Amino acid sequence: MELEDQWWRGQLATDIYQALRYKELKLPSYKGQSPQLNLRRYYADLIAVVSNHFRLCPAARHLAVYLLDLFMDRYDVTEQQLAVVSLSCLLLASKFEEREDQVPKLETLNSLGCISSMNLILTKQGLLHMELLLLETFQWNLYLPTAAHFIEYCLSIAIHEGDLHDGWPLTCLEKSKLYMAKYADYFLEVSLQDHVFLCFAPSLLAAACVAASRLVLHLSPTWPPQLQRLTGYTWENLVPCAEKLLIAHDSDVREANKQKCQQQQQQMVYHSSGQTATVAQCLHRPSLQYPQQANHRSASYLSHSTTSLPAPNGPQHSSTQAISASLDPKSNLTNRAYQVSMHYTCAAPCFDR
């Protein structure tokens with residue numbers, strides 16, 4: 001069982017990786033032609049909220065979103081049906097990737113706030129009918145590799161004791177691995193938020209998540225030979241995908257800094273008024289509540305509440321807590337620029353050695 005849970009550590013890791021690489025060559029094509037493509041982000045977020053509530057594995061969540069993308073690409077689905085389709089995709093993915101006791105139950109699904117807020121009542125017959133339609137659409141084949149299936153294999157040697165951080169040797173290898181895992185998970189979740197990442201092979205996307213993480217963490221070399229040998233990808237292969245991931249990261253960092261400044265200004269105004277706040281007032285101050293939007297990236301997946309979900313036709317804009325803030329509380333560290341190519345330069349916080 002341990003070998004099944006952590007196949008990338010076993011003797012068959014290379015063979016399993018190559019089998020997954022061979023399988024991804026036969027993945028269905030995605031054209032991005034759904035009339036409801038503008039609603040995709042909302043329902044991908046719905047899948048993430050429910051997935052986190054039941055603590056499903058990343059592979060189940062990524063497979064669910066991939067099934068949703070393929071289904072929307074082939075069918076004209078009404079907005080009312082999309083919620084049922086999304087949850088059916090998650091149920092199928094969890095049945096395929098998780099243990100039976102981890103699969104969400106109908107009663108629990110109906111009790112979630114994000115479901116009741118949509119005035120949606122799920123029925124056993126309705127879900128079974130939709131699951132059957134999905135299975136027939138995919139010819140009963142759910143063996144569809146996603147980036148989440150490759151990421152652990154890439155992370156197995158993502159940090160090496162010979163790596164340098166800003167030109168200095170790593171003093172704590174375990175801490176560096178923790179940072180790497182957090183950033184790789186962040187970039188992996190970023191890839192769920194935009195269908196543009198479907199144009200990249202899942203194995204390449206996973207490798208690009210590791211490469212982007214090494215860039216943000218100022219590790220050198222950016223793409224060492226052992227990672228190139230392990231994944232089969234050169235740095236030039238990864239640049240187009242890594243660049244998109246880092247642009248999204250840059251946007252998240254700017255938005256997080258903007259929100260932090262606004263909160264500090266509100267706190268200054270609040271304290272300068274000379275009023276004494278009660279505990280209840282502090283708990284209900286908007287500036288202290290985590291903003292919840294339908295378009296949150298990875299960090300929002302870590303803190304989503306299942307009590308409500310914004311309407312899919314509402315204004316959509318990205319506002320998320322940058323992953324760097326959760327990794328390193330020292331937000332006053334000096335920013336240093338890292339460069340992917342001639343087209344992208346971004347400032348990223350370094351981490352403490």
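A residue is called buried when its relative accessible area is under 20%, exposed when that area is over 50%, and partly exposed in between, using a 1.4 Å probe and counting protein chains only. Helices (H or I, at least four residues) and strands (E, at least two) are DSSP runs, numbered from the N terminus.

The structure above is a predicted model, in which local features need a pLDDT of at least 70 and side-chain atom pairs count only at pLDDT 80 or more, while totals for chains, interfaces and linings use all residues. Residues are numbered from 1 along each chain as its sequence is written, and side-chain values use heavy atoms, with hydrogens and water left out.

The chain has 16 helices and 5 strands, and of its 353 residues, 50% count as buried. If a contact is taken to mean heavy atoms within 4.5 Å, then residues 24 or more positions apart account for 76% of the contacts in the chain with a separation of 6 or more.

How far can each part be trusted? The pLDDT, which is the predictor's confidence in each residue from 0 to 100, averages 78 over the chain, and 73% of the residues score at least 70. Over residues 275–308 the pLDDT stays under 50, although the model has 83 contacts beyond four places in sequence for them. Where pLDDT is low, the predicted coordinates should not be read in detail.

We can now turn to one helix, H9. Because 7 of its 9 residues are buried, H9 is largely enclosed by the rest of the structure; the buried ones are Ala147, Ala148, His149, Phe150, Ile151, Tyr153 and Cys154. Their cover includes helix H2 (13–24), helix H4 (58–74), helix H5 (79–97), H10, H11 and helix H12 (225–231).

One of these neighbours can be followed further. Helix H9 (residues 147–155) packs against helix H10 (residues 173–190) at an angle of about 160 degrees, with their axes 11 Å apart, where axes are lines fitted to C-alpha atoms, for helices over the stretch in contact, and angles run from 0 to 180 degrees between N-to-C directions. H9 is therefore roughly antiparallel to H10, a term for angles over 145 degrees. Where the two helices meet, Ala147, Ala148, Ile151 and Leu155 in H9 face Met180, Ala181, Ala184 and Leu188 in H10.

Definitions and conventions:
Angles under 35 degrees count as roughly parallel, over 145 as roughly antiparallel, 65 to 115 as roughly perpendicular and the rest as oblique.
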